[in-house]
Amino acid sequence: MPLDASAVTAVVVTHDSAHCLPACLAAIEACGAGAIVVDNASGDGSAALAEHLGARVIRNARNEGYGRANNIGVRAAVSEFVLIVNPDLVLDAGAVEALLAAAERYPDAGLLAPRIQEADGRFFFQPRSLLSPYLHNPSGRLVLPEGDCCAPFLSGAALFCRRDLFLELGGFDEAIFLFYEDDDLCRRMADSGRALIHVDAARAMHGRGGSSAPEPGRIFRSRWHQAWSRAYVSRKYGLPNPAPGMFAVNALKAAGACLTFNRRLVERYGGSAAGAWAWLTGRRATTQKKG
């Protein structure tokens, strides 16, 4: 007997996400799935808003990071399937049913993901991944699929999986605070012999980069974690250490940006240099100031 959307719980991690949360949760409800919101110490009322909108809410006392908070939500779910959803992602009607049908159609699938449309009209599809030893595409040539296909990477903005399998693999790597946790999960899923499937009939709209409201210092912290996480996953899988090069290049760019008094560029390059340096000096991402 085919499963219906009640077999699915959407897990939504929030941090100052009140501006986009209503549309996300309304779409999940319209698809017939349940929702668990894991709030990473928001200061904008995201947790209270999620409760008002009917979601089950788990409040973290501090910002635990994207992967760790998702793991908390998945462990709290009791459904057969979980759908990890960014708060700035809005599912189209029928998306959950299409993902369930694809899970039945492709029994060797480990992770499935919808077709993600960006706010500017672009279709998000990443043709390669830093960690992908399969489906080689070294030049990153982008050929957009016209139907379902195996992929080298699926974005953490929307990931569909059997709950037991997610937990069996350990969920997201909790050493990572932000960035590359989806690459790492995809790699471990592929290494376990399971496929990563892009499901073309499942559609979603993504407001890229809009999960959290802007605030001072967020660019710096984002680039810090991006650099640290890239170094971490590279060494985890035996790839060359990118941290020395990232530090040297971005430190020079940050110094140059200081001469232009462009705060955004200073934060961008300074954050990347600081994250690379933190990795080189043995700091952990989970001890960095959260945001």
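Q: What does L142 touch, not counting residues up to four places away in sequence?
A: L142 touches F125 and P127, where contact means heavy atoms within 4.5 Å. Keep in mind that this is a predicted model, where local features need pLDDT of at least 70, side-chain atom pairs count only at pLDDT 80 or more, and totals for chains, interfaces and linings use all residues. Residues are numbered from 1 along each chain as its sequence is written, and side-chain values use heavy atoms, with hydrogens and water left out.

Q: Where is L142 found?
A: In the loop between β7 (123–124) and β8. Helices (H or I, at least four residues) and strands (E, at least two) are DSSP runs, numbered from the N terminus. The C-alpha atoms of L142 and R128 are separated by 8.8 Å, and the two residues are 14 residues apart along the chain.

Q: Is L142 partly exposed or buried?
A: Partly exposed, with a relative accessible area of 48%. The cut-offs are under 20% relative accessible area for buried, over 50% for exposed, and partly exposed in between (1.4 Å probe, protein chains only).

Q: Ok, what about S155, where is its place?
A: S155 is in the loop between β8 (149–150) and β9 (158–162). S155 counts as buried, at 13% relative accessibility. Leaving aside neighbours within four places in sequence, S155 is in contact with I116, F124 and D182.

Q: Switching topic: how is the chain divided?
A: Into domain 1 (5–206) and domain 2 (218–281). Those bounds come from an automatic or database domain assignment. The centres of the two domains, taken over C-alpha atoms, are separated by 27 Å.

Q: How many residues of each domain are in contact?
A: 15 residues of domain 1 are in contact with 13 residues of domain 2.

Q: And how much area do domain 1 and domain 2 bury between them?
A: About 1300 Å², 62% of it on carbon and sulfur atoms. Buried area here is the accessible area (1.4 Å probe) that two parts lose on being put together, summed over both.

Q: Which three residues supply more than any other three on the domain 1 side?
A: L130, F179 and Y180, which supply 40% of the area that domain 1 buries against domain 2.

Q: How many salt bridges does the rule find across that interface?
A: Three. The rule asks for a side-chain nitrogen of Lys or Arg within 4 Å of a carboxyl oxygen of Asp or Glu.

Q: What else does K236 pair with?
A: D173 forms a salt bridge with K236, the closest N and O atoms being 2.8 Å apart. That pair links distant parts of the chain, 63 residues apart: D173 is in the loop between α5 (163–168) and α6 (181–191), while K236 is in helix α7 (residues 218–236). D173 counts as buried at 13% relative accessibility, and K236 counts as partly exposed at 35%.

Q: How many salt bridges does the count come to by this rule?
A: 17. Among them is R163 with D164, at 3.8 Å from N to O. R163 is buried at 16% relative accessibility, whereas D164 is exposed with a relative accessible area of 58%.

Q: What separates D191 and R187 in helix α6?
A: About one helical turn, because they are four residues apart in that helix. D191 forms a salt bridge with R187, and the closest N and O atoms are 3.0 Å apart. D191 is partly exposed, with a relative accessible area of 48%, and R187 is buried at 16%.

Q: Which residues are linked in a network of salt bridges?
A: R62, E64, R68, R75 and E174.

Q: Last one: why is helix α3 largely enclosed by the rest of the structure?
A: Because nine of the eleven residues of α3 (residues 66–76) are buried. The buried residues include Y66, R68, N70 and V74.

Q: What do the buried residues of α3 pack against?
A: They pack against the strands β1 (8–14), β2 (34–40), β3 (56–60) and β4 (81–85), along with helices α5 and α6.
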